[in-house]
Amino acid sequence: MNRPSNFIEKIIEEDLRTGRYKKVHTRFPPEPNGYLHIGHAKAIVLNFTIAEKYGGLCNLRMDDTNPLKEEARYVEAAVEDVRWLGFDWGDRLYFASDYFDQLYQYAVELIKKGKAYVDDLSPEEIRRYRGTLTEPGIESPYRNRSVEENLELFERMRRGEFNEGEKVLRAKIDMASGNLNMRDPVIYRIIKASHHRTGDKWCIYPTYDFAHPLSDSIEGITHSLCTLEFEDHRPLYDWFIEQLGIHHPRQIEFARLNLSYTVLSKRKLSRLVEEGYVSGWDDPRMPTIAGLRRRGYTPEAIRDFCEKIGISKANSVVDIQLLEHCLREDLNKRAPRVMAVLRPVKVIIENYPENYTEELDAENNPEDPSMGTRKLPFTRELYIEEDDFMEEPPPKYYRLAPGREVRLKHAYIIRCEKVIKDTETGKIKEIYCRYDPDSRSGSTQQRKVKATLHWVSAKHALDAEVRLYDRLFLKPNPEECEDFIECINPDSLKILKQCKVEESLANAKEGERYQFLRVGYFCVDPDSKNGHLVFNRTVTLKDTWAKIQKKLMK
RNA sequence: UGGGGCGUAGCCAAACGGUAAGGCAGGAGACUUUGGAUCUCCCAUUUGGUGGUUCGAGUCCACCCGCCCCAGCCA
């Protein structure tokens with residue numbers, strides 16, 4: 001077995017060695033109140049890969065203890081996302097709500113042991129009685145009710161005899177504890193709402209703090225991996241487990257993921273969706289798994305990223321460029337190359353015969369010859385990219401310009417003879433060139449030119465819509481703005497409708513990913529229909545000219 | 001000022017008490033029929049600080065400094 005790759009694996013190996021646990025059983029426990037995002041992916045990858053590495057299992061469990069916030073559509077989305085990432089939980093898709101009967105019994109047991117009581121204090125009173133960070137709390141006047149009375153009251157709570165907020169069940173621990181979580185936390189509350197799974201069976205629901213550790217125990221989880229903010233809930237979880245004398249998982253906390261130029265809190269992501277700043281949870285600018293998928297990310301790239309960032313207890317912000325690096329690295333190996341011209345300008349090859357089409361061979365992926373080749377039609381009239389021509393080229397600009405020669409990818413070397421401009425706007429309308437018939441790609445002649453351009457045959461090219469996505473936020477830390485909404489990048493989406501793509505893309509299917517030569521990686525959006533191609537820009541290629549330009553600007 | 005954590009490069013992150021891995025970003029160059037990819041080289045005399053223990057300290061001890069989390073009947 002490989003060496004432990006982080007502190008959690010070290011602990012697990014120690015536990016296995018000392019016999020504290022005989023096997024490893026983890027779980028990924030999302031609350032179905034929103035879509036899963038890249039931060040969840042970190043936890044998913046961690047839990048599933050650890051289970052696999054140590055020959056154990058990982059459950060998928062919905063922590064659905066609050067019917068006010070949870071919805072079935074979110075569980076469906078979560079299931080789809082985890083599966084898409086490539087993980088398998090067998091038949092172990094569980095729900096905390098499956099344990100409501102058991103949890104109720106555990107609560108009754110605590111009452112019988114004198115370790116829980118029904119409190120009549122209002123929410124405001126409970127808050128006031130809790131004390132502050134520096135002062136101890138005050139015990140509720142209802143704290144010392146008899147076991148019988150508590151049992152009866154709790155049963156009546158269950159039967160719906162009280163209103164929401166009228167009564168709660170609290171653990172009886174220590175109102176003077178320095179750890180606020182131990183100051184008699186609420187473990188059951190009255191919520192008269194129907195639950196997405198249990199319907200109207202219950203009107204009292206366990207709190208997360210009660211349900212979570214006990215659900216882990218019920219499932220026989222050995223290592224409960226969670227984020228740092230639950231570190232000081234651990235004594236409470238241990239307390240429940242010990243009072244009840246049941247299986248004791250070991251909780252280990254790690255730092256949650258933060259990513260530069262993005263927000264990863266469900267509250268903020270919901271706001272982006274609800275207030276319409278994005279088109280939905282799966283908008284390609286969203287850091288949700290669904291958004292990344294629609295953007296064209298591969299599960300492999302996301303998993304690789306999750307492994308590269310490591311696991312520790314230090315709060316950190318990972319540079320989004322690392323995610324993009326993992327993406328490019330994966331796509332470079334697998335994406336077929338095609339030619340697409342985003343901002344077309346016409347090129348006419350004066351010395352090329354009219355009404356003549358030549359079929360040129362083009363490799364589908366220079367990184368992987370097994371992906372084969374395809375035929376590309378070459379004709380007298382082509383489109384090239386607007387930025388690939390400059391009438392007055394600055395230094396270090398190697399592309400087409402009057403009198404300059406460039407190669408057309410997979411085709412010939414052309415020389416620019418003259419340009420026709422729109423007399424009114426001054427915009428370049430047509431570029432007239434001559435080609436060198438002896439310079440065809442693959443021919444023995446090896447003339448060198450400084451640049452190679454991508455192109456499409458005007459007659460054959462297909463029209464396409466291309467959506468250029470950029471980062472959603474302008475600042476590395478969107479929290480810097482008073483309201484993170486003000487940090488939104490107004491140019492995070494640019495739609496280009498006049499793009500020209502090579503005809504081989506005619507049957508491109510939803511979700512397929514391509515490299516548009518020299519431009520970037522793109523994938524077919526679900527909005528794409530027969531006769532109306534829509535591509536999303538997944539990520540650009542590294543553009544060294546852009547870098548040179550940036551430097552010259554300074 | 002109570003409790004719980006965390007400080008190793010611009011960003012992540014390794015390092016039985018034995019002389020600071022790796023990745024990203026950045027820089028320089030080679031190569032190139034994608035200015036892509038690839039390749040080569042550079043990028044911490046020092047681990048928040050100060051003392052101490054030790055032949056030897058990022059690792060052990062003491063004190064100090066800084067940052068994060070907790071006062072939901074959210075998770």
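A disulfide is a pair of cysteine sulfur atoms within 2.5 Å. The structure, a predicted model, holds 1 disulfide, joining Cys481 to Cys487. Local features need pLDDT of at least 70, side-chain atom pairs count only at pLDDT 80 or more, and totals for chains, interfaces and linings use all residues of this predicted model. Side-chain values use heavy atoms, with hydrogens and water left out, and residues are numbered from 1 along each chain as its sequence is written.

**The disulfide**
- The S to S distance between Cys481 and Cys487 is 1.8 Å.
- The link of Cys481 and Cys487 is right-handed, with 80° about the S-S bond.
- Cys481 is buried at 10% relative accessibility, where buried means under 20% relative accessible area (1.4 Å probe, protein chains only; exposed is over 50%, partly exposed in between).
- Cys487 is also buried, at 1%.

**Other cysteines**
- The closest cysteine sulfur to that of Cys416 belongs to Cys433 and lies 5.0 Å away, too far for a bond.
- Cys416 is buried, with a relative accessible area of 2%.
- Cys523 is in no disulfide, and the nearest cysteine sulfur, in Cys499, is 14 Å away.
- Cys523 counts as buried at 2% relative accessibility.

**Helix H12**
- Helices (H or I, at least four residues) and strands (E, at least two) are DSSP runs, numbered from the N terminus.
- H12 covers residues 320-334, 15 residues in total, and reaches 22 Å from its first C-alpha to its last.
- That span is close to the 21 Å expected at 1.5 Å a residue, taken as 1.5 Å times one less than the number of residues.
- Buried residues in H12 include Ile320, Leu323, Cys326, Leu327 and Leu331.

Terms used:
Chains are lettered from A and ligands numbered from 1 in the order in which they are written.
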